Amino acid sequence: MAKVVAVTGNEACANALRQVNPDVCGIYPITPQTDMMQRYASFIANGKVTTESILVESEHSSMSACIGAAAAGGRVITATSSQGLALMWEMLHIASGDRLPIIMPVVNRALSAPLNIHGDHSDAMGARDTGWIQIWSENAQESYDNTIQAFRIGEHMDIRLPVMVCLDGFIISHSIERMEYLEDGEVRDFVGEFKNFLPLLDLEKPKSYGPLILTDLYHEYKRAQHEVMTKVKDVVLDVAKDFEKLSGRKYGLFESYRLEDADIALVILNSAAGTSKDVIDEFRQRGVKAGLLKPRLFRPFPYEEAAEALKNTKAVCVMDRADSFGGYGPLFMEITSALYHLKERPVLINKIYGLGGRDYMPSHAELVLNELNEIAKGGKVKIIKEYLGVRE
Amino acid sequence: MAETVEIRWHGRGGQGTVTAAKVLADACLSGGRYVQAFPEYGPERAGAPLRAYNRVSSKELRMHCPVLNPDIVAVADATLLDSINTAEGAKDNTIFIVNTSKDPKEVREKLKAVQSQKVFSLDATKIAIECFGRALPNSPMLGAVCKITGLIPLEHLLEDVKKSFGKKFSQKIIDGNLAATKRGYEEVKEG
C-alpha cells in the first residue's frame with residue numbers, strides 16, 4: 001500500500017535511497033550539498049540502513065570514494081548540487097569510463113560567480129558530456145520515482161553506467177508537496193539484489209580499472225561508450241513499464257502534454273513544466289492549440305522520438321534554465337538537432353528563463369505562448385535566442 | 001471552499017512562520033487533497049521579513065511558483081503592516097488574518113481593505129507567551145487559519161501540531177503549543 005505524505009523533494013529522494021539501502025554512500029556535508037545527504041546520514045546513524053558512509057573533504061573526494069567503492073563491487077550512491085557537481089567534473093568521467101553504476105541525485109542549482117545557489121540547470125548541463133545517464137524530474141514524486149528506477153537502469157547488465165537524477169533546487173528540493181511512497185519491500189523487490197560485474201575485490205580473478213590506454217585502443221573504448229548509450233532508451237522504457245505495474249505511474253523518454261494536435265509547443269524541463277501545463281490548459285480553453293514536451297531522459301537524448309512528437313507543430317519555443325554563453329541554450333541545441341532531419345519542421349525559438357532561481361511565473365509562459373501563436377500565424381521571428389523576464 | 005486555496009504567510013525569520021505553513025500542509029493532506037508548502041528562500045536572518053506559501057487543492061498541483069493572488073493572507077507580525085505591502089496581489093475576496101493586539105477594525109483601516117475583503121485579528125503573541133512562555137505566534141496563527149478557512153477540523157490540526165512539535169520539543173512545550181493553537185482558533189475575531 002502506498003503511503004501519502006507531504007515532504008520535500010530532498011526528503012523524498014533520501015527515502016528512495018533508504019528503501020534501496022545501498023552498500024556505500026560518499027558524503028560531503030557542506031553547502032551546496034543539500035539536506036538530502038544529511039537525512040541519509042541520520043538514516044545511517046539511526047540504523048535504518050546498513051550503508052557505510054564515507055565522509056570526505058570535498059565533492060571531488062566524494063566521487064573518488066564512490067568510484068573506489070563501486071569498482072570494489074558495491075552498490076554506491078551520493079548526492080550533490082551546484083559547485084559540488086562542478087568540482088566532481090574530473091571524476092564524473094572516470095565513473096562513466098569505468099562503467100560504474102553509481103546513482104546520484106543532483107539538486108539543480110546555479111554556479112558561481114556571482115555566488116548563487118538557487119534553482120538553475122547550469123550544474124547538470126555542465127555535466128552533459130561526462131558519459132552519465134541523466135534523468136530529469138518535475139516534482140517530488142518524479143524525483144522519488146526516478147531515483148528508484150535509476151538503479152534498475154544504471155545497474156542493468158547491458159548498461160552499467162552511472163545515473164544522475166535531476167530535480168530543481170529549492171523549488172522542489174526544499175518545498176513540501178504531496179506525494180506517495182511505495183512500501184520498503186516493494187522498492188527492494190523492484191530494484192533487486194545488486195549484481196556485481198568484474199569487482200576488484202575478487203582475489204581469484206585479479207583485474208585493474210582505468211589503466212593507460214594509448215592511441216591504439218582509446219578511440220575504440222570511447223566508441224563502446226557511445227554504443228552502450230544507444231541501448232539506454234529501451235532499458236529506460238522497460239524499467240518504466242515495470243514501474244507502472246508497481247505504482248500505476250507512467251513514465252516515458254519524455255512527457256507529451258496535449259501535443260497530438262498542437263500548433264504551438266513549449267519544450268521545457270523540470271518544475272517549470274508543471275507551471276506551464278496549467279497555462280497551456282488556459283490557452284486550450286481559449287481555443288489555442290498549445291502543447292508541451294518535457295524531456296525526462298536527457299542523456300542519451302531521444303532525438304527521433306522527440307522529432308516525431310513535435311513534427312506537426314508550427315512553432316516551438318525551447319526553454320532553457322541554463323545558458324551556453326555565446327551559443328544557444330543546451331536544450332535548444334538538442335531540439336534543433338532532433339528536428340533538422342525532418343522535411344518540414346516547426347519554427348524554433350529559444351528563451352533563457354529563471355537563472356539563479358528567478359521565479360518562472362504563469363505570465364512568462366503566457367508571453368511565450370502568445371509569441372508562438374503569432375509566429376504560427378505567419379509572423380516573423382524577431383530574435384531566436386532571448387532572455388525571458390529580464391529586469392531592464 | 002474553492003477547488004484550490006492559496007495562502008500567503010508574512011512573518012519574520014525565527015517566528016516559526018515556515019513551520020506553520022509546513023504543519024498546515026501536512027494537516028490538509030486528508031481526504032486525498034494535494035498540498036504545497038514553501039518559503040521564499042533568501043539569506044535566512046532572524047527578524048528579517050519573509051514570506052511562505054501554501055496551496056491546498058482537490059486536484060493535482062502543478063504550479064511551482066509563488067502565490068501571486070492569495071485567497072488568505074496570514075500576517076504573523078503586525079509590524080510588517082508598516083514596512084511591506086501585505087495586501088500585494090490581494091483579490092476582492094481575500095481574507096486577512098493578522099496577529100496584533102489592536103482592534104480588528106484598526107487593522108482593517110491600516111490594510112485599506114475593501115468591503116468585500118474580510119479582516120480577522122488575534123493577539124497570537126500574547127497567547128503564545130501565556131501558553132508556553134515564548135513570543136512564537138505560529139501555533140495560535142495556525143488555529144486562527146484553521147478556524148477561518150475551515151480547511152480542516154481543529155482536532156485534526158491539533159494532531160498534526162503534536163506530531164510536528166513532538167519530534168523536537170518537551171511535553172511541556174507541546175502541551176503549550178496545543179493550548180495556544182486551540183486559543184488561536186477560539187479567540188480570532190472579525191473586524
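**Strands and their partners in the predicted model**

In chain B of this predicted model, strand β6 (residues 118-122) and β7(B) run antiparallel and are joined by 2 bridges. One pairing to look for is B:Phe120, whose bridge partner in β7(B) is B:Glu190. Strands of a sheet pair like this through backbone hydrogen bonds, and the pairing can be either parallel or antiparallel.

Over in chain A, strand β14 (residues 315-320) is worth a look. Here 6 of the 6 residues are buried, so β14 of chain A is largely enclosed by the rest of the structure. A:Ala315, A:Cys317 and A:Met319 point one way from β14(A), while A:Val316, A:Val318 and A:Asp320 point the other way.

What does β14(A) pair with? Strand β11 (residues 264-267) of chain A runs parallel to β14(A), and 4 bridges join the two; within this pairing, A:Val267 has A:Val318 as its bridge partner. β14(A) also pairs with strand β15 (residues 347-352) of chain A, again in the parallel sense, over 6 bridges. There, A:Val316 stands opposite A:Leu348 of β15(A). To get from β14(A) to β15(A), the chain passes through helix α12 (residues 330-340) of chain A, making a β-α-β crossover that is right-handed.

Conventions
Residues are numbered from 1 along each chain as its sequence is written. Chains are lettered from A and ligands numbered from 1 in the order in which they are written. This is a predicted model: local features need pLDDT of at least 70, side-chain atom pairs count only at pLDDT 80 or more; totals for chains, interfaces and linings use all residues. Side-chain values use heavy atoms; hydrogens and water are left out. Buried means under 20% relative accessible area, exposed over 50%, partly exposed in between (1.4 Å probe, protein chains only). Two strands pair if DSSP finds at least two bridges between them. A crossover is right-handed if, with the strands pointing away from the viewer, the path from the first strand over the helix to the second runs clockwise.
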